[in-house]
Protein chains: 4
Amino acid sequence: MKGTKVVRLQEEVKVNDPIFLVGLPGVGHVGKLVAEHLIEELDAEKIIEIYSHHFPPQVLVDENSEIHVVNNEIYVCSTGKSDIVILVGDHQSSTGEGHYELCDLYLDIAEEFGAQRIYTLGGFPTGQLTYSEEVLGAVNNPELTDELKKAGVVFKENEPGGGIVGASGLILGLSKFRNIDAACLMGLTSGYLVDPKSAQSLLKVICSIFDIEIDEGPLEERAKEMEKIVARLKEVEQQQQGIPEAIRDEDLRYIG
Amino acid sequence: MKGTKVVRLQEEVKVNDPIFLVGLPGVGHVGKLVAEHLIEELDAEKIIEIYSHHFPPQVLVDENSEIHVVNNEIYVCSTGKSDIVILVGDHQSSTGEGHYELCDLYLDIAEEFGAQRIYTLGGFPTGQLTYSEEVLGAVNNPELTDELKKAGVVFKENEPGGGIVGASGLILGLSKFRNIDAACLMGLTSGYLVDPKSAQSLLKVICSIFDIEIDEGPLEERAKEMEKIVARLKEVEQQQQGIPEAIRDEDLRYIG
Amino acid sequence: MKGTKVVRLQEEVKVNDPIFLVGLPGVGHVGKLVAEHLIEELDAEKIIEIYSHHFPPQVLVDENSEIHVVNNEIYVCSTGKSDIVILVGDHQSSTGEGHYELCDLYLDIAEEFGAQRIYTLGGFPTGQLTYSEEVLGAVNNPELTDELKKAGVVFKENEPGGGIVGASGLILGLSKFRNIDAACLMGLTSGYLVDPKSAQSLLKVICSIFDIEIDEGPLEERAKEMEKIVARLKEVEQQQQGIPEAIRDEDLRYIG
Amino acid sequence: MKGTKVVRLQEEVKVNDPIFLVGLPGVGHVGKLVAEHLIEELDAEKIIEIYSHHFPPQVLVDENSEIHVVNNEIYVCSTGKSDIVILVGDHQSSTGEGHYELCDLYLDIAEEFGAQRIYTLGGFPTGQLTYSEEVLGAVNNPELTDELKKAGVVFKENEPGGGIVGASGLILGLSKFRNIDAACLMGLTSGYLVDPKSAQSLLKVICSIFDIEIDEGPLEERAKEMEKIVARLKEVEQQQQGIPEAIRDEDLRYIG
């Protein structure tokens with residue numbers, strides 16, 4: 001397969017001025033957890049599969065030992081207030097060039113569906129195991145901030161300080177060239193572990209924006225399991241107070 | 001040489017609805033060992049050489065000090081039951097993009113020959129020096145599993161957990177788009193050493209599938225040599241019981 | 001976005017035989033500091049934005065939480081003596097191939113504006129925290145050296161010994177093919193820290209070349225802050241006299 | 001500059017059925033030292049410069065502080081017996097793909113000049129500081145070995161065991177597709193240091209092949225300087241006999 005292959009699973013898809021949500025793997029997998037949870041709870045329907053030589057040369061194996069080539073997928077669903085198009089996936093692009101190319105492809109699809117707004121979902125790494133409910137925002141149009149503050153999003157000057165790397169940021173940036181308003185919503189998370197608790201905080205913001213209610217049950221359960229792991233890690237951390245912080249961080253980075 | 005060069009050594013190749021076998025270098029070189037053994041024992045004939053800028057810029061030197069550019073090669077042979085087309089090679093692609101491109105080329109050739117089924121052969125790393133006879137399977141069509149179980153292949157939910165990386169997996173995945181049934185058969189192996197013993201286990205499965213008998217002699221000999229090395233490694237391992245496992249693993253990784 | 005996107009912010013730009021200045025991020029960010037300072041002090045006007053898949057897939061966030069995709073930008077301004085076109089940016093190319101492609105693009109723009117001379121600004125790493133006022137030069141035409149020596153630039157045989165890596169060097173080299181005279185001016189700097197003091201030395205040379213006066217105030221302030229950090233580092237260095245130099249260097253490399 | 005740029009310095013070049021010699025940077029810089037020595041002693045004339053985005057984005061600085069973009073160059077000269085075309089350069093390709101593309105370009109040029117034979121010159125790393133006069137050979141046509149043995153070249157089954165990586169090997173391999181006989185001649189060298197002494201051994205073989213005499217003076221001088229460094233290294237090595245070999249090797253790898 002050369003280049004990128006877009007497989008459309010339905011001949012005609014009807015959506016009206018949808019919101020485009022992006023939840024790809026990344027820091028703490030916060031965005032991916034929220035997007036997958038929404039797909040589950042809102043009974044979203046898969047309409048597109050995207051394969052690309054910019055993804056790793058890898059297949060994943062399911063419970064029936066059946067494989068699929070790693071890909072990104074697009075789902076649609078309706079809430080009372082508006083239609084939603086959701087982009088999720090196994091991987092982000094392996095190359096810088098691929099990021100630019102694929103993000104443009106995602107925006108082509110967003111435009112095709114007439115998306116009026118884009119939200120990219122992600123995590124913001126704090127480097128600390130202490131939990132925070134905060135959801136940090138960045139926008140491609142400052143007029144969006146007031147509305148988002150009402151939904152609980154926090155904005156801070158020049159934050160994240162290192163910018164946003166990967167699809168969550170780039171989709172935001174490239175939307176500007178197409179005059180589509182877009183915001184990146186980031187749940188605060190340690191950066192060391194998959195973080196369903198941070199995903200819950202981000203989900204609350206999404207529910208507020210879309211004015212919907214979503215059962216947090218499954219996320220809640222995963223969050224509880226993860227809390228136990230974090231508790232054990234904190235114990236270890238206390239016992240290692242003599243050890244320089246850099247080394248302790250190093251330990252955590254490889255978990256989860 | 002720009003791109004990829006396919007050198008055909010014969011004007012016309014006659015094969016009937018063959019099975020396509022893939023044994024490229026990988027974990028424990030299990031797939032490559034089996035494929036090369038089959039070529040030897042079944043007197044297979046080389047029909048195609050594939051050169052590509054996606055392979056390393058390297059030549060190998062033979063017993064007459066003659067070199068050849070690293071490549072992949074395709075052989076054909078007949079068994080009583082069916083014709084076989086075998087893909088072997090010195091290297092897999094060095095780049096992710098190359099993997100996608102070359103796997104598609106391999107499937108073009110498989111289709112050209114009218115391949116009705118594909119088996120990719122590989123190794124599954126256990127991280128342990130203890131030997132297991134198991135051959136793990138993954139498929140691109142769940143209907144294949146019953147037939148393969150009869151030949152001794154084991155299937156486990158979501159295994160391998162990290163998916164399958166490289167040509168063995170990708171050929172499986174891309175075959176799906178061409179409606180060719182394909183399975184990946186993986187001999188369990190430590191992952192640290194070239195493993196002719198695991199290759200013997202995988203060969204037994206292949207013989208059962210094709211209903212043929214193959215002399216295991218040469219693999220047996222190499223397996224015995226390797227067993228001696230493994231025995232020495234285990235001794236070292238016992239002497240190092242005080243040393244954390246991670247470090248001992250590190251030692252083994254660089255052998256063979 | 002495939003490839004590179006040049007966004008022109010003005011329909012017509014009037015400049016007469018300008019000098020083309022390049023100050024991209026690099027060793028000690030010396031070139032970037034000088035170029036940005038000139039843009040500020042000379043009230044230069046932004047006329048072009050350059051986006052490229054050769055830059056990292058990243059957005060930066062400003063004080064209003066508004067993002068922009070990392071880019072390079074071109075400004076113009078006038079001094080009494082001559083017009084100046086200034087290239088600055090967030091990043092250099094992430095790939096070797098991208099460096100060649102983008103540097104050629106920059107020279108296309110330089111030629112379009114009729115640039116008669118190019119100066120690329122950078123830092124030369126000494127590996128030592130001791131401050132030096134020296135500005136080292138390299139040229140693509142030996143006839144330039146006399147003129148530059150008068151402005152305070154120092155030339156040394158075969159220096160820098162390892163050549164010049166990145167846009168500062170490559171623009172110099174590729175200008176040769178277009179018969180545009182070009183020089184690289186490098187402020188000496190430790191190589192471990194952002195160095196506004198070295199930027200001041202380089203600014204003095206630029207002022208002499210263009211026969212202009214520029215307020216060094218803001219650079220001066222940043223230099224003073226940095227001097228405090230350097231002083232602390234030197235203290236640490238003295239306390240570590242027993243530790244091999246290689247390790248001490250290692251420590252410093254990660255600061256700033 | 002996109003792609004590769006071939007700059008021809010002369011309109012018409014007259015050479016008759018020349019031998020094509022390749023001496024690019026590599027193990028111990030043995031091939032490069034010999035090729036540059038031949039260019040100097042045989043008063044060879046530069047006829048072509050090759051620039052490419054596959055080389056590093058770098059310029060080198062000469063004794064007049066004048067820069068040139070890193071490149072490969074082609075020289076021609078005549079000996080009594082035959083004309084010689086020599087390829088030398090600052091760097092080999094930075095990418096695998098570039099190696100394939102550039103080696104094909106070199107062979108296009110070799111064919112254009114009607115080259116009847118190609119010798120690529122290189123070093124073969126022994127991993128030991130003990131000096132050996134041996135010059136190892138590999139060929140793309142076994143008929144060449146007898147002739148080369150008479151000139152002092154040694155051939156060993158399957159050596160080098162890891163094949164030959166880079167342009168020296170690939171040019172050999174790709175020549176086969178064009179029916180040009182080619183051999184790689186490798187001076188044995190530690191692999192840790194630039195090795196003018198090994199270059200002298202290789203030069204002797206070259207002189208024998210071409211039936212010419214070349215003053216070894218400059219190589220001899222550099223070899224003597226290097227011998228002093230090696231002597232010091234051996235002293236250090238003896239003092240470190242308690243230290244595992246792997247670590248001692250590590251030390252040497254970073255010298256020269």
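Reader: Which residues in H6(C) are met by those of H5(C)?

Author: In this predicted model, the axes of helix H5 (residues 196-210) and helix H6 (residues 217-239) of chain C come within 7 Å and cross at roughly 145°. By class, their contact has six nonpolar, one polar and four charged residues. From H5(C) come C:Pro196, C:Lys197, C:Ala199, C:Gln200 and C:Leu203, and the residues they meet in H6(C) are C:Leu219, C:Glu220, C:Arg222, C:Ala223, C:Met226 and C:Glu227.

Reader: At what angle do helix H1 and helix H6 of chain D pack?

Author: The axes of H1 (residues 30-41) and H6 (residues 217-239) in chain D are 10 Å apart. D:Leu33, D:His37 and D:Glu41 of H1(D) make the contact with D:Pro218, D:Leu219 and D:Arg222 of H6(D), a set that by class has three nonpolar, one polar and two charged residues. The angle at which these two helices of chain D pack is about 140°.

Reader: Why is one side of strand E5 of chain B left without a neighbour in the sheet?

Author: The open sheet has three strands in the order E5(B)-E4(B)-E10(D), with antiparallel pairing, and three bridges join E4 (residues 58-61) of chain B to E5(B), where B:Val59 stands opposite B:Val69. Strand E5 (67-69) of chain B, like strand E10 (164-165) of chain D, stands at an edge and therefore has a single partner strand. For E5(B), the strand joined to it by those three bridges is E4(B).

Reader: Which helix packs on that sheet?

Author: The helix touches E4 and E5 of chain B together with E10 of chain D. Its direction makes about 90° with that of E5(B), and the helix, which comprises residues 167-176 of chain D, is H4.

Reader: What relation does the superposition of chain B on chain D express, and which residue of chain B has the C-alpha nearest the axis?

Author: Chain B is superposed on chain D, with an RMSD of 0.0 Å, by a rotation of 90° with 0.1 Å of shift along its axis. That is the relation of a four-fold axis. In chain B, the C-alpha nearest this axis lies 7.6 Å from it and belongs to B:Thr95.

Reader: How far apart are the nearest C-alpha atoms of chain B and chain C, which do not touch?

Author: Chain A and chain D do not touch either, and their nearest C-alpha atoms are 15 Å apart. For chain B and chain C, the separation of the nearest C-alpha atoms is 15 Å.

Reader: What is the volume of the largest pocket?

Author: Its lining comprises 45 residues, of which A:Glu97, B:Glu97, C:Thr95, C:Glu97 and D:Glu97 lie nearest the centre, and helix H2 (96-112) of chain A, of chain B, of chain C and of chain D each give two or more residues to it. By class, the lining has nine nonpolar, 24 polar and twelve charged residues. The volume of this pocket is about 1,300 Å³.

Reader: Which element gives the most to the lining of the second largest pocket?

Author: That pocket, with a volume of about 420 Å³, is lined by 14 residues, of which B:Lys32, B:Glu36, B:His68, B:Glu73 and B:Asp90 lie nearest its centre. The lining divides into four nonpolar, four polar and six charged residues. Helix H1 (30-41), strand E6 (72-78) and strand E7 (83-89) of chain B each supply at least two residues, and the element that gives the most, with four residues, is H1(B).

Note on methods. Residues numbered from 1 in each chain as written. Chains lettered and ligands numbered in written order. Predicted model: local features only at pLDDT ≥ 70, side-chain atom pairs only at ≥ 80, totals over all residues. Heavy atoms only, no water. Least-squares fit on C-alpha atoms with pLDDT ≥ 70 in both. Pairing = 2+ DSSP bridges. Contact = heavy atoms within 4.5 Å. Axes fitted to C-alpha atoms, helices over the stretch in contact; angles between N-to-C directions. 1 Å grid on protein atoms, 1.4 Å probe; cavity = no way out; pocket = protein on both sides within 12 Å on 5 of 7 lines; lining within 4 Å. Points joined across faces, edges and corners; volume = space filled by probe spheres on them. Nonpolar A, V, L, I, M, F, W, Y, C, P; charged D, E, K, R; others polar.
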